[in-house]
Amino acid sequence: MSVIPLTGSRREDLGKGGARKARAAGQIPAILYGHGEQPIAVAVGARDFQLAMAQTKGGNPIVNLNLSGSDFTALIRAVQYDPITHGVLHLDFQHISLTERIEVEVAVQLTGLPVGVKDSGGILEQIMRTVEVRCLPTAIPSAIEVDVSLLGIGDSVHVRDLKAENLEILSEPDATVATVVPPTVMEEKPAEEVAAAATAEPELSVERGKKEEEGEEGKAGKEAKPGKEAKPGKEAKPGKEAKESK
C-alpha cells in the first residue's frame, strides 16, 4: 500500500465554533493522535482530501501528513460524513510507524458463482464483510478475496479458510463468512383446505345473521309492553264552563 501525501495545518480555534469556521473556509477539521503523543487539532483542505482519496483503494488509507514542515505518517481511522450533503465533517488521523504492526479491519470480497446457486437455485449469503487483521501498515490489502465457486447447497466458507500473505487474521476462525442456502419455496395449501375455508365462511355469515334477527325481535318485544296504554286526557268540569259564561 502506497503512502499518500497530504498537507494540513494546525488549528488554533477549538471546539464546535472552531470546527464551523474551518468548514466555512473550505477545510475539514481533524484530530491527529497516537504514539503516546498529545493529540493535535488540525485542518486539511476539503478539495485536497478528495484528490488524495481518489488515489487509494481499500478502507485503510495511509497518508504522509505535512503540518507546517513536520511530517507525520498517519492512518485515517475514521471519517464522519454529513447525513444530508454527504460532505466530510471530521477526520481522525492515527500517527503510526511503518515498521510497527497495527490492527485494522479489511474487507472480504467473494469471487466466483457457487455451483449451488448456478445448478440448484440456491442463494449466496455473505455473513461477514470485514475481518480484523494485524500486519505492517504497508502490507494492508485493499481486500481479502475468497473463491466461492465450489460451494453447494449448505456449504460455507469460514474465517479459517481465508488466505492472505504477510498478515495475521484475528477474527474467530470458526466464524462463517459466507454460505449457500436452499431457495425459498412458498408453501401452497391443499385444494381441500382452500375449498373448506371457502364454504365455512358463508355458513358463519348465515348463523351470525340469524342471531342478529333474533336480537332485533327481542328488542322490539321489550319496547311494546301490553297494558300500559296512554291515559286519555281529563274532561273539563261543567262548572268551569258556566263560570266563564257569566
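**Stop one: the largest pocket.** Start at the largest pocket, which holds about 170 Å³ of space. (A pocket is an open set of points on a 1 Å grid over the protein atoms alone, where a 1.4 Å probe fits, with protein on both sides within 12 Å along at least five of seven lines; lining residues have an atom within 4 Å of a point. The volume is the space filled by probe spheres set on the points, which are joined across faces, edges and corners.) This is a predicted model, in which local features need pLDDT of at least 70 and side-chain atom pairs count only at pLDDT 80 or more, while totals for chains, interfaces and linings use all residues. Residues are numbered from 1 along each chain as its sequence is written, and side-chain values use heavy atoms, leaving out hydrogens and water.

Select F49, Q50, M53, G59, N60, P61, I76, R77, A78, V79, Y81 and V88 to see the pocket lining. Two elements each give two or more residues to it: α2 (46–53) and β5. (Helices, H or I with at least four residues, and strands, E with at least two, are DSSP runs numbered from the N terminus.) The largest share, five residues, comes from β5. Colour the lining by class and you will find eight nonpolar, three polar and one charged residues. (Ala, Val, Leu, Ile, Met, Phe, Trp, Tyr, Cys and Pro count as nonpolar, Asp, Glu, Lys and Arg as charged, and the others, Gly among them, as polar.)

Next, select H86, in the loop between β5 (70–81) and β6 (88–95). Its phi is near 65 degrees, a positive value in a residue other than glycine. Most residues other than glycine have a negative phi. H86 counts as exposed because its relative accessibility is 58%. (Exposed means over 50% relative accessible area, buried under 20%, and partly exposed in between, with a 1.4 Å probe and protein chains only.)

G87 is partly exposed, at 27% relative accessible area. Leaving out residues up to four places away in sequence, G87 touches Q80, Y81 and D82. (Contact means heavy atoms within 4.5 Å.) Now draw a distance from G87 to I28: their C-alpha atoms are separated by 9.5 Å, although the two are 59 residues apart along the chain.

**Stop three: another positive phi.** Select H35, in the loop between β2 (27–34) and β3 (37–45). Here phi is near 60 degrees, again positive in a residue other than glycine. H35 counts as partly exposed because its relative accessibility is 44%.

**Stop four: the cores.** Which residues have the most contacts inside the largest nonpolar core? Select V104, V131, V133, I140, L162 and V177, out of 22 residues in that core. (A nonpolar core is a set of buried Ala, Val, Leu, Ile, Met, Phe, Trp, Tyr and Cys residues joined through side-chain atoms within 4.5 Å.) The elements giving two or more residues are β7 (102–111), β9 (130–135), β10 (144–147) and β13 (176–181), and β7 gives the most, with four. A second, separate core of 18 residues includes I4, A30, V42 and L65.

**Last stop: H158.** Finish in strand β11 (residues 156–158) with H158. H158 counts as buried because its relative accessible area is 17%. Beyond residues up to four places away in sequence, H158 touches P173, D174, A175, T176 and V177.
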